[in-house]
Amino acid sequence: MVDPVRLRERMVRDQIQARGVTDERVLAAMRELPRHVFVEEALAYKAYGDGPLPIGEGQTISQPYIVALMSELLQVEPGMKVLEIGTGSGYQAAVLAHMGAEVYTVERIKKLFHAARKRFMDMRMFSVKLKLDDGTMGWPEEAPFDRIIVTAGGPEVPGPLVDQLADPGRLLIPVGGSRRSQTLVLVEKKDGRVTREDKGGVAFVDLVGSHGW
């Protein structure tokens, strides 16, 4: 593989900054994190390409631009407590941790959970805490969370996640009536009011669980 540092620089410049992402901490995290270690070795040469990649078990690592966009929309500040639903490869959680967040991430697929946990240990990312469970139920014993990010698409915004969102807080989730095609929805809680705003079309794997598909 070509020098990963150069590939990351090109990825950030051509795929992320060129599409309007400006948050310097997001850009720095994606320049520095070795995305190729979050995919199978056979696919490492594709890790910095402009698209999602399979990670096994019918799941994917999201396109770099989508990871950057969602990270920017969350408006994460250092020290914030962030809940992620759908650990997958662990890349999105790693980006948020690199930005200074204390990340709690839930994965329902055992094989992916164990692989991500090993990856975080190998990378010494001790600010990421993992749980094997139904992510649509959140992580109630650790609530409230300043930010919540869901990296799978469901038919609705799960009630337990809204309940576990701090006030003020931001929740980002793909929502859609059909599988594999959703709208990215930003839910904000402020002064006891909950509002939602559409942020454009996306395509994610299914959010499976009690409050998903």
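This is a predicted model: local features need pLDDT of at least 70, side-chain atom pairs count only at pLDDT 80 or more; totals for chains, interfaces and linings use all residues.
**Around D167**
- D167 sits in strand 7, which covers residues 165–178.
- D167 has 41% relative accessibility, so it counts as partly exposed.
- Leaving aside residues up to four places away in sequence, D167 touches K189, K190, D191 and G192.
- R119 is 48 residues from D167 along the chain, and their C-alpha atoms are 32 Å apart.

**The largest nonpolar core**
- Nonpolar side chains tend to be buried together in soluble globular proteins.
- The largest nonpolar core here has 50 residues.
- I16, M30, Y91, V95 and L96 touch the most other members.
- Elements that each supply at least two residues include helix 1 (4–16), helix 2 (24–32), helix 4 (91–98) and helix 5 (110–122).
- Strand 1 (53–56) and strand 8 (181–190) are also among the elements that each supply at least two.
- Helix 3 gives the most to this core, with eight residues.
- Leaving aside residues up to four places away in sequence, V95 touches A29, M30, L33, V67 and S71.

- Another core, of 20 residues, lies apart from the largest one.
- V106, L165, V185 and V187 are among the members of this other core.

How values were computed. Residues are numbered from 1 along each chain as its sequence is written. Side-chain values use heavy atoms; hydrogens and water are left out. A nonpolar core is a set of buried Ala, Val, Leu, Ile, Met, Phe, Trp, Tyr and Cys residues joined through side-chain atoms within 4.5 Å. Buried means under 20% relative accessible area, exposed over 50%, partly exposed in between (1.4 Å probe, protein chains only). Helices (H or I, at least four residues) and strands (E, at least two) are DSSP runs, numbered from the N terminus. Contact means heavy atoms within 4.5 Å.
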